[in-house]
Amino acid sequence: MGGKMGKSSNFVSLESLPEIEGSTSVADTYRRLGKAQRGAFSYSENGMHYIVKADDLATQLFEAQDISTLRERAAWSIRDAMRRVKIPVQVAVAERRLSADEDPQTFLQQSSEQAFWVTDGDRRLGWLLTKDALLHTATKRLVYICANNHENPDPDHGTCYKCPAKIVRNELR
Ligand SMILES: [Zn+2]
């Protein structure tokens, strides 16, 4: 099962990414990502499907903001958060579906970040993701660093779990 695609290091299985609804809050989204130990989630809207780079989203939402803004943004729905950031964080999954037996190399030559469905007949197995920046969000965990350098599993409401300082940056590990 999975064929050539399943063996590719650019293949990400359907089960490995949390699927987030638009109405889910930013704080709950990042809690789920922390539990899943992933920096990306899958998202659907108006019949389109996306892989969302949660590291880029967290950077735009949380970096260089005061604590009241962080709290306010943590309560936003993920749909609102994605609409309000200036640089898009979602990669649309291409219409073109790849069969598990196709050669992934053909599709990894893309010059931009792309996501393709990988299917076995009618069944969706996961995605083939091009480019390291996109792939790493889907395969690594995101950690959130406070102003005192503590590592947190999620940004909660913008402040550290171990001290009162705010979250100042995130890192994929
Ligand atoms: Zn701290």
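Of the contacts in the protein with a separation of 6 or more, 57% are made by residues 24 or more positions apart, where two residues count as in contact if their C-beta atoms, placed from the backbone, lie within 7 Å. The model is a predicted one, in which local features need pLDDT of at least 70 and side-chain atom pairs count only at pLDDT 80 or more, while totals for chains, interfaces and linings use all residues. Residues are numbered from 1 along each chain as its sequence is written.

The protein has six helices and nine strands, these being DSSP runs numbered from the N terminus, with at least four residues (H or I) for a helix and at least two (E) for a strand. The radius of gyration, taken over C-alpha atoms, is 17 Å, close to the 16 Å that the globule rule (2.2 Å times the number of residues to the power 0.38) gives for 173 residues, so the protein is as compact as a globular protein of that length.

Three of the strands form an open sheet in the order E8-E7-E9, with antiparallel pairing. Strand E8 (151-152) and strand E9 (167-172) stand at the edges with a single partner strand each, so one side of each has no neighbour in the sheet. Strand E7, residues 142-146, pairs with E8 in the antiparallel sense over two bridges, and at least two bridges found by DSSP are needed for two strands to pair. Within this pairing, Ile145 stands opposite Glu151 in E8.

Helix H3 (residues 54-62) packs on this sheet and touches E7 and E9, its direction making about 170° with that of E9; such angles run from 0 to 180 degrees between N-to-C directions, with axes fitted to C-alpha atoms, for helices over the stretch in contact.
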